[in-house]
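Me: I'm new to reading protein structures. Could you walk me through this one, feature by feature?

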Amino acid sequence: MITTSGRVSAVLLDIQGTLLAADGSPVPGAGGAVVRLRELGMSVRYVTNIDSVRVTTIVERLRSAGIPAETAEVFSPVSAAKRFLEAHGGPRVHLLVPPEIESEFSAFTRNGRRPEFVIVGDCRDGFTWARLNEAFRVVEDGAEIVALQKGRYFQTPDGDALDTGAFVSALEYASGKQAFVLGKPSTELLRMAIASAHVDPWETIMVGDDVVSDVTGAFTVGCRSVLVRTGKFSLDKLERAEHKPDLLLDSVADLPDALSAL
Ligand SMILES: [Mg+2]
């Protein structure tokens, strides 16, 4: 059972590997679990490191998998990046992001003087040598690197694939600079989601399949965590992890029963 007791007012749900499988199909029982959490009076927020698409696309993917979701409930690195840039006074940016999300940054891509930040997201085939080298030169020229997230790899139906972090690390290595990281386990996304639910971290629980991204992120902001044995889950990684989850479940489908027993 959960070692730290107390009521749960808000549930932060990871998406990939927790609610959706690599092929986009739902983890069995995921939709029903979300419905039951709401019936139990808990606020639901989706906190994801998906940085290849717009938030509206994430909402469509959830809904088409039978998982009820509203745009205001989804927190992705793209939402965090916009907030980060607004907090920095609307600086000029250079984009190394997939075409689908470029328009999200249109307010920060004015022509003119040199960019202050290079934004790096999940470009897939767009990570060409030419584009990476162009971004490297902008960084050499004084820009800071902002990583939408720094995941090492993600899962696809035909195997693991290089994630944004691998390319961010290339720019860091070449430039000698460290990127600002917005996705989990960095705390920006979790703090935004918790604030939007108007709850305190101690009343909040983060649920995910990644013991680093999800569990360490939760620990850092002071909320409890649940690790599920789906998606990226690995017993070996759990045993070696610095921060352990408060609860381990076979699947998100078991979550409502576990939380209602508190
Ligand atoms: Mg995940």
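This is a predicted model: local features need pLDDT of at least 70, side-chain atom pairs count only at pLDDT 80 or more; totals for chains, interfaces and linings use all residues.

Me: Is I101 buried or exposed?

Reply: Buried means under 20% relative accessible area. I101 has 0% relative accessibility, so I101 counts as buried.

Me: How far is I101 from V139, going by C-alpha atoms?

Reply: Their C-alpha atoms are separated by 21 Å, and the two residues are 38 apart along the chain.

Me: Which residues of α5 are buried?

Reply: L132, N133, A135, F136, V138 and V139 are buried.

Me: And what do those buried residues pack against?

Reply: They pack against strands β4 (93–96), β5 (117–120) and β6 (144–147), plus helix α6 (164–175).

Me: Strands next. In what order do β4, β5, β6 and β9 line up?

Reply: These 4 strands form an open sheet in the order β4-β5-β6-β9, with parallel pairing. The edge strands are β4 and β9 (180–181), each pairing on one side only. Helix α5 packs on this sheet, touching β4, β5 and β6, and its direction makes about 155 degrees with that of β4. Helix α6 also lies across β4, β5 and β6, at about 165 degrees to β6.

Me: How many bridges link β4 and β5?

Reply: They pair in the parallel sense over 4 bridges. For L95, the bridge partner in β5 is I119.

Me: Which way do the side chains of β4 point?

Reply: In a regular strand the side chains alternate between the two faces of the sheet. In β4, V93 and L95 point one way, while H94 and L96 point the other way. All of them are buried.

Me: What is the strand order in the sheet that holds β11?

Reply: There, 6 strands form an open sheet in the order β3-β2-β1-β10-β11-β12, and the pairing is parallel. At the edges are β3 (74–75) and β12 (247–249), each with pairing on one side only. Strand β11 (residues 224–228) runs parallel to β12, and 3 bridges join them. If you zoom in, L227 stands opposite L248 in β12. Helix α8 (residues 211–221) packs on this sheet and touches β10 (204–208) and β11, with its direction at about 165 degrees to that of β11.

Me: What about two helices meeting? How do α3 and α7 cross?

Reply: Look at the angle between their axes. The axes of α3 (residues 77–87) and α7 (residues 188–196) come within 10 Å and cross at roughly 90 degrees. The two helices are therefore roughly perpendicular to each other.

Me: Which residues meet there?

Reply: P77, S79, A80 and R83 in α3 meet E188, L189 and M192 in α7. Sorted by class, that contact has 4 nonpolar, 1 polar and 2 charged residues.

Me: Last topic: the loops. Where is the cis peptide bond that involves P185?

Reply: The bond from K184 to P185 is cis, with omega near 5 degrees. P185 lies in the loop between β9 and α7.

Me: What is phi for R124 and for H198?

Reply: R124 is not a glycine, yet its phi is positive, at about 50 degrees. This residue is in the loop between β5 and α5. With 44% relative accessibility, R124 counts as partly exposed. H198 isn't a glycine either, and its phi is also positive, near 55 degrees. Look for H198 in the loop between α7 and β10; at 73% relative accessibility, H198 counts as exposed.

Definitions and conventions:
Residues are numbered from 1 along each chain as its sequence is written. Side-chain values use heavy atoms; hydrogens and water are left out. Buried means under 20% relative accessible area, exposed over 50%, partly exposed in between (1.4 Å probe, protein chains only). Contact means heavy atoms within 4.5 Å. Two strands pair if DSSP finds at least two bridges between them. Axes are lines fitted to C-alpha atoms, for helices over the stretch in contact, and angles run from 0 to 180 degrees between N-to-C directions. Angles under 35 degrees count as roughly parallel, over 145 as roughly antiparallel, 65 to 115 as roughly perpendicular and the rest as oblique. Ala, Val, Leu, Ile, Met, Phe, Trp, Tyr, Cys and Pro count as nonpolar, Asp, Glu, Lys and Arg as charged, and the others, Gly among them, as polar.
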